[in-house]
Each structure stands twice: as C-alpha cells, then as structure tokens.
Amino acid sequence: MSDAVVVGAGPNGLVAANLLADAGWDVVLLEANDAIGGAVRSSTDVESSFVHDTFSSFYPLAAISPTIRSLNLGDYGLEWSNAPAPVGNPLRTGGWALVHPEPADTAQALDAHAPGDGQAWLDLYSDWERVGPAITEALLTPFPPVRAGVDLLRHLLGPRGLKRLQLLIGPVRSVGDRRFASEAAKLLLATNSQHADIAPTAPGSGLLGWLLVMIAQQYGYPVPRGGAGRLSQALADRFTAAGGTIVCQARVDQIVIRDGRAVAVRTADGREYSAGRAVLADVSAPALYCHLIPRQDLPAHVRQRLRFFRWDPGTVKVDWALSAPIPWRATPDLDPGTAHLADSVDDLRRWSRQLAADWIPDRPFLLMGQMTTADPSRSPAGTESAWAYTHVPQRIRGDAGGRINGDWDAADTAAMAERIEARIDEYAPGFSDRIIARRVLTPPELERRNANLVGGAVNGGTSGLRQELVLRPMPGLGRAETAIKSLYLASSSAHPGGGVHGACGSNAARAALLHAR
C-alpha cells in the first residue's frame, strides 16, 4: 500500500507528488495519457525539425513561484531561456509598445509615445518592488494568506496606499486611463490582463495586467530550453529520483471511499491502488465531484454548490512552422517572445463583449509566441516556431464573422485558422506566405488531448471574481480539502487557479501532510 496516490501527472500533480516524496511518503502518480505533462508538453508533430509546445509555452508565474524555485529543477536538466524582450504589442499606427529588459529602457520607449508615460511606468514598477512580494505570496499560498495579508495591508495604509488599492481592485481600462496618456502604454497593460478571462472593464483585471507585465519587467517570460515538455520531464525525474512511481495509461474512473474517507482509486482496467494517507486529484472540480466520487458518498450540499461552477472560455490554438521569422510591418527594437495583437483598448473591449455574449469574435484578440526567438533550439536557423491562440465561447450562439457554426468540423477549423492568419497578416504582411506547416487545435481537440481542458478551457474554471478565493472552485473555504476525508483537489480548479506555478499542487500536498500529522 502506498501512502498517497496522486491522480494526474500535469504540473500540479507532479509538484504535489514531489513534495509528498520529499516528506518521505511512498507515492504513486497515475496518468491517463501515454506520457506525463498534462498541459505542459511539446512535440515535433507540426514539422519534424520544429519543436512546438502542444498547450502552454511561456512561464512567467513559474519564474516567481516559491514552489517551483524550491525544487531546484536545474539539477534535473531544466534550463530556462528568454527572448531579447519578454512581451510587446505591434501598434496599428506603427511601432511597438515593448517591455525592455531594463525598466529605464521601457520607460524611455514609452516616453517616446507620450511624455510622462515613462515615469508612470517607473511608478508602477516601484509599486511592484514594494508590494509585489506580498501579492505573490498571497496568491500562491493556501487561503487565507495571513502573513502576506498583513504585509499587504501595511503597504496599502502607507504612502500611495489609495493609488495601490485602485490598482489592485480596479478594471484595467480605468487603471490604464488614470496612469498613462498613450494608447501604447494602455495596451501593454490591458492585453497582459487578458491571459485570464477577466474583461478589461471588470474589477480585478487591473491587478492581473499589472502583475504579469511587472513579472515580465523583472523576470522576463521564460521558456524551457528544448520545449515545454522539459519542465514536466524535470519534475518527473526529480520525483522518481526520490523514490516515486509513475504509471501512465492508467485512467482513474473512481475514488474508493470507505467510512467517509478516500482509501484508494480504481482505474478503468479494474485495478485498485490503495492510499494509506491521502488521495490527491489533479483533475477538474466537475470531474472529481461529478464522476470520480460515487454519488452516494458526496454530501448533498457539495452537489448544490457545484451548480455555481463556471468554466472559462474555450480556446483555439494554431501552431506554425515558418520558413523565416514573422515579417512585422514595424520592426521592434528588440524581438519579443510574446506578442499581443489588438488594435486598441476599445478593440479589446469589443472582443471581450462579443465573447461574453457567446459570439465568436470576428476580429480575435491574439496571444502569440515566437518560440525560436525565445529559444533558438526550437527550429533550424533562420526559421521560426510560432503559435497564436484566441478564445471562443463555451456555448456558441453565433459567429460575428458569419462563417463558423460552432461544430468545429473541418470547415469551422479551417475558417478559424484563416481568420487568425488574416489578423496576423494585418500586422505582418506576408506572414501567410512563410507557412511551411500548421496544426489547429480546436476546443474539442484540446479536450481530447487533455481531459482537464473541458471545451478548450485552459484555466480550470473562470478567473472572474465570482469564482476566486473562498469561491474557488465553489463557495467554501477556498482550500484544497474536500468534503471527503483524505481527499484533496490539486488542480487549477482549486485556489489560486490557472497558470504553471505549482501552487494548487503545493497547497494540496501541504494540506495532506498537515492532516496526516
């Protein structure tokens, strides 16, 4: 009998398994697919000499995560690589809004768009240096974050406290309008906020935009050298070196519960894996509560609360093997690894409103990755391994562009890819001519490859305030513990949510260790 069984070998499951093994537990990690990694995988499926990340690519939250950093994954082969610039926006009017490696250089570039924007940027960075550590600790540790909360309160009561409070709770559109004069600076803040499904006019979007763009300024947007899968492999190698066991192609279809306590899991082939101390589930909240826990063992109040759970929007991702780098209409001062494509903050708002109304946007906001720019090992010299993704509704009422019906058949898939490529061609004329090969991952295809990405949702559930903190994944304590003893939710459906930071797995492992004592 093992001390613990961890279900799911995505980044959170791998982190949880490592921390339990470090505590001396005998741990078995079960993965339904034929390889570990979850949404952190890479392959040469698009073109044999190009490495493409199947799902996620850039890991700014890993750069600040105390959990990831404490695992010393460099000892297990992980190397980080950064593009010359972390992130930027090509502008409709020409030029770029760009985060440079040094804050003073970013400020100087923004001053060229509007005098005074440079100092406003440095003020934001000063706030980050003072408040950032407390924010990071509050977000990436179990709820409630008592120590971090006290530290944060001290800064909010001090000089510039009101401005900082507005930054933390305000919509990114309002924050940008208060702080900056130029559309370039406002776009830089607003587009970074859209890495989660919080509208630019919604409370909390200001915090997310500021958080990500300040991480970019201080740490960059790092990528694992050789592909995202290298991060997962380093986690797996560390775990097995500590004595852990990984079993792939082991799809769990039931948590075995006796006397109100999780004691084992049962796989689809009928095998039972016993757990003497804990079961940790790196699966979505609906999968855990609606499928893996037998209905008779789940308290009625949990089923009641789960009715409020909401998914984040679906995703369409296109990967390209390009014969040459992206031919941007305006050449940036430094090549960014991540590029955001939106005409303006108003354009971003329009896209968000279409999405919220369950319409496929006609002019999608794009998050793009230039992977060879960030890591030259990804493709042959002079070429580019690139991708872009955008969001679509979970339940589609219509298409603002008039061509896609939402079945995601071959015609829908081709039409969406063409819409995305046409959008890029506006900012990089001739882009389409450089395509050697492409792969299109629609919402159903993303879910087929990773069961946690339901309908193409990549964040384990909406990041809106209705489903954060004590409301994640449903009204309760916002912690990894479940209504079943010795069973812990370790996926991004739990606090603090999506992103590769390992905090959801770490919080679950901490809870299991605490209760075992």
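Predicted model: local features only at pLDDT ≥ 70, side-chain atom pairs only at ≥ 80, totals over all residues.

Colleague: Fine. In what order do the strands of the open sheet run?

Modeller: The order is S7-S6-S14-S16-S17-S13-S19, seven strands in an open sheet with mixed pairing. Strands here are DSSP E runs of at least two residues, helices are H or I runs of at least four, and both are numbered from the N terminus. Two strands pair if DSSP finds at least two bridges between them.

Colleague: Which ones are the edge strands?

Modeller: S7 and S19, as each pairs on one side only. On average, neighbouring strands of the sheet are turned by 20 degrees against each other, direction ignored. For that angle, axes are lines fitted to C-alpha atoms (for helices over the stretch in contact), and angles run from 0 to 180 degrees between N-to-C directions.

Colleague: And S6 with S14, parallel or antiparallel?

Modeller: Parallel, with three bridges between S6 (residues 85-90) and S14. Alanine 85 has proline 336 in S14 as its bridge partner.

Colleague: How many bridges join S14 to S16?

Modeller: Four, and those two strands run antiparallel. One partner pair there is alanine 339 with methionine 368 in S16. S16 is also joined to S17 by four bridges, again antiparallel, and glutamine 370 stands opposite alanine 386 in S17.

Colleague: Why is S16 called largely enclosed?

Modeller: Because five of the five residues of S16 (residues 366-370) are buried, the strand is largely enclosed by the rest of the structure. Buried means under 20% relative accessible area, exposed means over 50%, and partly exposed is in between (1.4 Å probe, protein chains only). Leu366, Met368 and Gln370 point one way from S16, Leu367 and Gly369 the other way, and all are buried. In a regular strand the side chains alternate between the two faces of the sheet.

Colleague: How many residues of S13 are buried?

Modeller: Nine of its nine, so to speak a mostly covered strand. Lys317 and Asp319 are among the residues on one side, with Val318 and Trp320 among those pointing the other way, and all are buried.

Colleague: What does S13 pair with?

Modeller: With S17 in the antiparallel sense over nine bridges, where lysine 317 stands opposite tyrosine 389. Six bridges also join S13 to S19 (residues 435-441), and that pairing is antiparallel too. Alanine 437 in S19 is the bridge partner of alanine 321.

Colleague: Switching topic: where does threonine 106 lie?

Modeller: In helix H4 (residues 103-113). Threonine 106 is buried, with a relative accessible area of 0%.

Colleague: What is threonine 106 in contact with?

Modeller: Leaving aside neighbours within four places in sequence, threonine 106 is in contact (heavy atoms within 4.5 Å) with Leu98, Val99, His100, Trp121 and Gln217. The C-alpha atoms of threonine 106 and tryptophan 121 are separated by 7.9 Å, with the two residues 15 apart along the chain. A polar contact of 2.8 Å joins the side chains of threonine 106 and glutamine 217. A polar contact is a pair of N or O atoms within 3.5 Å; within protein, one must be able to donate a hydrogen and the other to accept it, and residues adjacent in sequence count only if both atoms are side-chain atoms.

Colleague: Now the rings: how many aromatic pairs?

Modeller: Eight aromatic pairs. Rings of Phe, Tyr and Trp (its six-membered ring) pair if their centres lie within 6.5 Å; planes under 30 degrees apart count as stacked, over 60 as edge-to-face and the rest as tilted. Phenylalanine 58 and tryptophan 387 form a tilted pair, 6.3 Å centre to centre with 55 degrees between the planes. Those two are 329 residues apart, with tryptophan 387 in S17 (residues 384-392), and both are buried.

Colleague: What about tryptophan 96 and tryptophan 328?

Modeller: That pair is edge-to-face, 5.1 Å centre to centre and 85 degrees between the planes. Tryptophan 96 is in S7 (residues 96-98), tryptophan 328 is in the loop between S13 and S14, and both are buried.

Key: Residues numbered from 1 in each chain as written. Heavy atoms only, no water.
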